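This report describes the chains of one model and the places where its parts touch. Please keep the structure in view while reading.

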Amino acid sequence: MWGCVRPSRIIPLLAALVLTGAAAVAEAPQRVVSVNLCTDQLALLLAAPGQIVSLSRLSQDAESSSMAEAARAYPTNGSGAEEVYLLNPDLVLAGTFTAPTTVQMLRDLGIRVELFAPARSLADVPDRIAQMGAVLGHEAEAEAMIGAFRAELARLSTAPDRRPRAALYYVNSYTLGDRTLAGDILRAAGFDNVAAEAGLEQGGTLALEHLILLAPEVIVSGRDYPGQARAEEVLSHPALRALPGTRVAGTLTDRDWICGTPLVLAAVEKMRALRLSLETGE
Amino acid sequence: MRLAPGLVLLVAVLFVLSLLSGQAPVGAGQSLTALIAGDGTPLAVVMREIRLPRALLAAMIGAVLGLSGAAMQGYLRNPLAEPGLIGVSGASALGAVLAIQTGLSLMFPLALPLAALGMAVLAVLLILALAGPRGASITLILAGIAISALAGALTSLVLNLSPNPFAAADIVFWMMGSLADRSFTHVWLAAPFMAVGALLLASLGRGLDALTLGEDAAEALGIGLSGLRLRLILGTAACVGAATAVAGAIGFVGLVVPHLLRPAVGARPSSLLWASALGGAAMVLAADIAVRELLPARDLKLGVLMALVGAPLFLHLIYKTRKEMA
Amino acid sequence: MSLMTLRDLTVRRGECPVVDHVTLSVGGGECIGLIGPNGAGKTTLLRAALGLLPASGESTLATLPALERARAAAWMPQAREIAWPVTVERLIALGRIPHLPRGARLREQDRAAVEAAIARMGLDSYRARTATQLSGGEQARVLIARALAQETPLLLADEPIAGLDPAHQIATMEVFAALAREGRSVIVSLHDLGLAARHCTRLLMMVRGQLTADGPPGAVLTPQNVDRVFGVSAFYEDTAQGPVFQPMQVTR
């Protein structure tokens, strides 16, 4: 169904940026270890060759990481303080949700740890890119990447004629509202999020019957996890398919929706294509 | 006998209240109109695809659990015998979890209730072997603890080994039971097994009456005890297995309901069968309404409510039978 | 007319025969006392005769289909089990189970049988009481009434009068004797040889699984038999008020 999505213009652009990143500043860190999926990807986009020593194990998981392919060139770590310390890093990249004990331990051992907050909107993405550029000593590349990101986002989020109502629906009846990265992706792609009608701005539980009564035009759900869980059954409930005006768009939100990197543009583009397909009545 | 119409009325009222209970703030008249019209509006979909199967399952599950409890108590002549307490529900949950996690239920949907039934049969056989013909309370409870613990541990193990990140959280569902977001798929999956099980158990009435006088006297009254035992095992396993496969292990129904209704039917085991079926339906319907009204957004598990009501009664019954156990 | 015939009925527990080649026949109108010391095999004989225990040899009752047997012979076990707090009347009505068509309620003749049993055992004032709350002796009488309500040609009762007060022991034995006079037969195991001598028309004397004597009380309760089987001496005389038997001294 999604084979028709146009190949993004972002990826070649990013590749070019990575190559020019070689012009490293003198005091730039030389042994960088990342212990967080999102900092893994930002570092891969901005670091000079040889600057990265190790990435988190999740970086190579194609289900979670948009850059699993590129990450395979690097060794991985299990994000524990002991393991990271033995890699002898001069900079550790972590998320603000990385275990505080790990961060404190590394800092006590005299290692510089930079924390990156998760992106809660598309507007956070340039900030994260700039932050990564600064800590890696590649401010100029970061600037260029931010410019390219803004231009592409503007192109993708031109105001649509009509904004269809959509819902993001996940395992355990969880939904995401406007003040989340996923909600912002939905908004940028030209949809209105029904979570707002239910009074949910961030994430929260939306009972199945509440969702049905909201009757969105599209229901977008998360990735399909391996194995079975009863918590997932709500996504295959017959009621979802009983609404005549609702399209269950299946498992669309994936690795591109998780981290505040320029790769979220692929998610926006995919959702935009979905909206356009609704317009043409496909 | 005025008990029967009273219980039927109670079940009917609770059934309608269950249909009207939910997170969506819609008026009663509007909801019922949508249910009957079924005109494809979102409200009609909610009523027909979400609330109707939920209410039906609550009534069906309650009925078979109450019936199973009354039948087991009649057979073992012990008011503490209950499928949940003696590990039959736990074993069923293990069977269901195995069917789901091995992927068997994806290839062949009936594998889910069948696996639950199979494990339930094993558990009932084990209980009857351990507790003996007249289940003395102490052996019954100890055997039940052992089987419940083993089944619970294996269920947790299987779910913890699952590659799915949400599987481990399912442990609570399987141990406590819930009817949230069940659909007609589940109704049709469970209904045939429940029907067969209920018919088997309903046929036990005369035998259970005769067993009031003990095994010897019952046999001398022309009751075939081995046939009775076989029908009890298969009937209980089919009922509890099917109920657990779609809603998890809901405990205490088969303990509380027969206990409350026994005086009302003059303690006759045969009358207690149908009365407990109706009473069980009423109790699970009421509990399922309560979990939605008390904590609307939290998917409070049915088993939690049942245990809050049932456990004190269980303690009371143990206290009453302590002389027998000493 | 034979109500029950046993031929070489034998029950083994392991190698040891508990009932050893017992042969006897029960006709109509007999009130039979089954006597013998503890462990003589009285209970085992009765249960095997009913087919409740696997046995070799032949019992005409054990070969009947279950329901037919239940209409031919009623059984009152020694263990006085009443599992649920049902009323006395309802408990006695359980005796009608073999006669009721599938799923039917008590019919006119069933009610009559229950009433007759209540009347025979003098339980009219007890009918609405909860059976489990009665005393042991009262429960025994209720359970006898239950067996009577089965209205079978033959009644087998295992120590029905144990634990009854003297008045009720005598009254119960008189009920059995009355049944015999009506043409029905009763086999009752008991330890009170005096009551056995007075009320029974025939005595079966067992020791170590064997039927050692079978006949009218006077022929069975001879000083030699009583000494050999029970190890006691006894006073036995036919008086103006009927036979009197009283064990006197332990002889071993």
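Among contacts in chain C between residues at least 6 apart in sequence, 64% join residues at least 24 apart; two residues are in contact if their C-beta atoms, placed from the backbone, lie within 7 Å. The model is predicted, so local features need pLDDT of at least 70 and side-chain atom pairs count only at pLDDT 80 or more, while totals for chains, interfaces and linings use all residues. Residues are numbered from 1 along each chain as its sequence is written, and chains are lettered from A and ligands numbered from 1 in the order in which they are written.

Chain C has 9 helices and 11 strands. Helices (H or I, at least four residues) and strands (E, at least two) are DSSP runs, numbered from the N terminus. The radius of gyration of chain C is 18 Å, close to the 18 Å of the globule rule for 252 residues, so chain C is as compact as a globular protein of that length. This radius is taken over C-alpha atoms, and the globule rule is 2.2 Å times the number of residues to the power 0.38.

For chain A, a radius of gyration of 20 Å agrees with the value near 19 Å that a compact globule of 282 residues would have. The table sets out the spans of the two C-alpha traces.

| Chain | Span along the principal axes |
|---|---|
| Chain A | about 60 × 40 × 30 Å |
| Chain C | about 55 × 40 × 35 Å |

Chain A contains 11 helices and 11 strands. Its domain assignment, automatic or from a database, gives domain 1 (10-153) and domain 2 (165-279). The C-alpha centres of domain 1 and domain 2 of chain A are 28 Å apart. In the contact between them, domain 1 of chain A supplies 23 residues and domain 2 of chain A supplies 19 residues. On the domain 1 side, α2(A) gives the most, with 5 residues. That side of domain 1 of chain A divides into 13 nonpolar, 5 polar and 5 charged residues. Here Ala, Val, Leu, Ile, Met, Phe, Trp, Tyr, Cys and Pro count as nonpolar, Asp, Glu, Lys and Arg as charged, and the others, Gly among them, as polar.

Between chains, 26 residues of chain B are in contact with 26 residues of chain A. On the chain B side, α3(B) provides the largest share, 6 residues. By class, this side of chain B has 15 nonpolar, 8 polar and 3 charged residues.
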